Amino acid sequence: MLALLTDVLSRAPARCSYAEARHVATDEEELLVRNGRVDSIDSTSADGVGVRVRAGGGWGFAATREATRAGVEATLRRALAIAESQPAAPAGPLAAVPPARGHWSCAHERDPFDVSLEDKLELLFAAEQALRGDPRIVRSDATCASRRVRTAFASTDGAACTQERVECGAAIAVVALQGEELQVRTYPGAHGGSAACAGWEHVLGFDLVANAPRIAAEAIELLSAPECPAGRRTVILGGEQLALQIHESIGHALELDRMLLMEAAYAGTSWVQPHDLGTLRYGSEQLNITADATLRGGLGTFGWDDEGVAAARTPLIEAGVLRAALSDRGSAAQIGLERSGGCARADGFARQPIVRMTNVSIEPGDAGTLDDLVADTGDGLYLETNRSWSIDDRRLHFQFATEIAREIRGGELGRLLRNASYAGVTPQFWSGLDAVCSASDWRLWGLGNCGKGEPGQVMRVSHGSAPARLRDVQVGVA
Amino acid sequence: MTSIVVETPLQTAERALALAGAAADEVQVTVVRERSLMSRFARSAPTQATEVADTSVEILVARDGHTALASTNRLGDDELRVTARRADAAARAAAAGAPGTYPGLAEPAAAPAHDGYDDATAELDPARAGAALRATFAVAAAHGLEAFGAWTAGAVRTAIASSAGARLEEEVTDGFMKVVCRDASGRSGYAAATAAAAGQIDPAAVAARAASKVTSAPPAELGPGSYPVVLEPEAVGILLEFLGALAFNGLSHAEGRGALSDRLGTLVAAPAIDLADAPRSACTLSRGFDFEGVPKQELALIADGVAQAVVHDRRSAVLAGGDARSTGHAIAPGGSPQGPFPTNLVLRGGAAADAAELCAPIERGIYVTRLWYVNPVREKETLLTGMTREGTFLIEDGEIARPLRDVRFTDSVLRLLSATEALTADRRLVSGGEFYGRRFAHGVLCPGLRADGLRVTGATT
């Protein structure tokens, strides 16, 4: 396939100033056991080719499932026709990139597609059964998902590379109901089962069966737990909630296409401006954020991005000061950067690459374990597992709710509280960060539902985080 | 591999059904062929233009009350056989446990005719996109503004063939355009239009409406509290979309999780609220049948403020029991694990001539053009949170006085509908124009409304 793409691009018309072609073959499988029965087993196997061209300053992209020479040639012609049908636009530069060559694949021990359906269902049945028992549990789910993506990429800038990634994840979830009170609890996370670029060993590592009784018991306890009171409090965010907080209020805000208004009509803009790079104080000195596409196991890990730019590790925020943004070749060149940040990613063959997060993580601090951090916090709240999320189109004002909250009194975790929520404004919120747990409590959290782009693209990203403490946070807003 | 020349989706579905028949007894094949164009723009220049051509084949095998679904976009005989075997193996694995609750494939039924298809739109001429962008840029320039947005059109043909004898095929088209006009200081206004026929969308008119919302006055600020509110149709539509998922989903209703569980037949909204799912109503994105091949029913959901019904697919109807039947709202073959959803919500209009009449009785309140990043906080309460965006104004003494910094609301949709005081006579078909995964255009036909006491919980700085 790579040879075909390279050959077709080598014959692209001269009026085409740049062209790239991606063949993407995707296999996916999702299993769901619900309330004691197999609810669904879905699998997808699909492939196709997307061709993006630049002609006369305009961009055109066309996609086809016909992964043949005739299909790719026709798609190149259609991409050109679309580019040339657009109103004339000045041709901005693209940041230079060394030609991507070779093959990359992600490390994994056991291919999840080699695990039989029967073995997967046995695990899910055992986990789901361990959730049930109380009649107030009206829904109990155990699910797992596996994904394999093979990509071939060629461009008229000399790129010719292939990649293969394997991902999987799993989760359990319960809904508890008593009268009009409804509570949910999930494990290990609320967004796609914390998938990773890894093999089946990643799923087994969750120990779903052992964690199921705790999840169910917490959901039941929440039904009659006191309401989380409103006020300004010290909070410790659990790793999964902190991961989403980073995603929404840092990751998206640092996408350079947003800063340059390219996403103003959909995803939105950013409160950060390109001229802020190098000077803006984003948060406290405890805030160190890195984008790292080389991180083992990350959903945002790859050999090259979808413009053929090699994976990189880039500090975004150091000691609270903004250092860099997430960029692709076009946005980087637009603000005069010599190199792309390597953040161009596309969702399948039928979507074109746009600026996306890779693995945007908070670096571990020195606060020890979660127990150490709680012990160091005389009075406050511990908030865990995201339930609701919303942020404005400049990534400034946000509001989150979590599945559970626990009181912190005298340096110890206390009673459970229900319907916890908090809100804030990005730079003020991060200025209250005064402690991050150490590397021992740092782990990657996979998010499989990041939406952006038109037509819509769902991207899969990971965020490394450890529990962290923030001062003076408004809680109880919902 | 069989050479495929030109085959309609129904012909592909029948071929796949024949190939799958050797592997399984109870099979439904769903074929969806998408062709679409999308042109995006920013700062009054084109940025991305996308054409998609894809066909997916979904093979559903049912066995002992269980289903399994396998999909591919590889249409050769060998690939379809492999896909069918994959579905059958999965169904056998599922059936190895306790019997399932799937009631079996739908009986063959004729789908009603509708006007959701337009020949000219289906031509998908990229020149039409280019012309729309040029017209938009001209309007923005005339107002001294920059234009941002997207124009898109699509044609989606869906076919179903099943071992129960179903043979269905329909093609629907959709067009959508949105424009954000923005001045140098970042003040912006939004407008959009949706129609089954892209030719019904007037790009210059959409741009002019967006431009009219950009004013140079400094924005006012409002603190947390409850305020009278006037919502434009775009804001009403997204609230109703969430209400559709949280209140009218037959699966969550049957499980007791729904917002209307034990509340059907009771007053849940103001008497002026009449909400229906009307897939063949004029000006909607019409459809004839759902993904189980069941004809889509016209269904009253709220009448005179009283909750009437929820929507069902075949699985949720079985769970609900009694005389519940599928209403034609399956969103996936065999029914989705998320349950059924209304896809053509229609809210009856009222007597107000326009938005100005809605504003007239308000001493101090909020005018909202659209809402953004709306998500549920507590599903059973229909409690949502989200932000206003691109056209938020302060109403004072019955008139729009000046721009307002965007605010965060945290409020219940059913509470807002209960507090609804007036609706405009005119309605708009509104949608977000968002197409994640397979293109499935849908929208809400609704008026603007005035409600008392929108709960504001924060604001941008």
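How many residues of domain 1 of chain B are in contact with how many residues of domain 2 of chain B? The legends below begin with that view.

This is a predicted model, in which local features need pLDDT of at least 70, side-chain atom pairs count only at pLDDT 80 or more, and totals for chains, interfaces and linings use all residues. Residues are numbered from 1 along each chain as its sequence is written, while chains are lettered from A and ligands numbered from 1 in the order in which they are written.

**View 1. The two domains of chain B.** Chain B consists of domain 1 (9–212) and domain 2 (225–459); the domain bounds come from an automatic or database domain assignment. Taken over C-alpha atoms, the centres of the two domains of chain B are 23 Å apart. Here 42 residues of domain 1 of chain B are in contact with 32 residues of domain 2 of chain B, two residues being in contact if their C-beta atoms, placed from the backbone, lie within 7 Å.

**View 2. The side of domain 1 of chain B that touches domain 2 of chain B.** Two or more residues each come from β1 (26–42), β2 (45–63), β3 (66–72), β4 (146–162), β5 (167–182) and β6 (188–195) of chain B. Helices (H or I, at least four residues) and strands (E, at least two) are DSSP runs, numbered from the N terminus. β5(B) gives the largest share of this side, seven residues. By class, this side of domain 1 of chain B has 21 nonpolar, 14 polar and seven charged residues. Ala, Val, Leu, Ile, Met, Phe, Trp, Tyr, Cys and Pro count as nonpolar, Asp, Glu, Lys and Arg as charged, and the others, Gly among them, as polar.

**View 3. The two domains of chain A.** Domain 1 (2–223) and domain 2 (231–475) make up the division of chain A, and their centres, over C-alpha atoms, are separated by 21 Å. In chain A, 43 residues of domain 1 are in contact with 44 residues of domain 2. On the domain 1 side, the elements that supply at least two residues include α5 (208–223) of chain A, and β2(A) gives the largest share, five residues.

**View 4. The contact of chain A with chain B.** Chain B contributes 73 residues and chain A 67 residues. On the chain B side, the largest share, eleven residues, is from β2(B). β2(A) and β3(B) pair in the parallel sense over four bridges; strands pair if DSSP finds at least two bridges between them. Ser45(A) has Thr72(B) as its bridge partner in β3(B).
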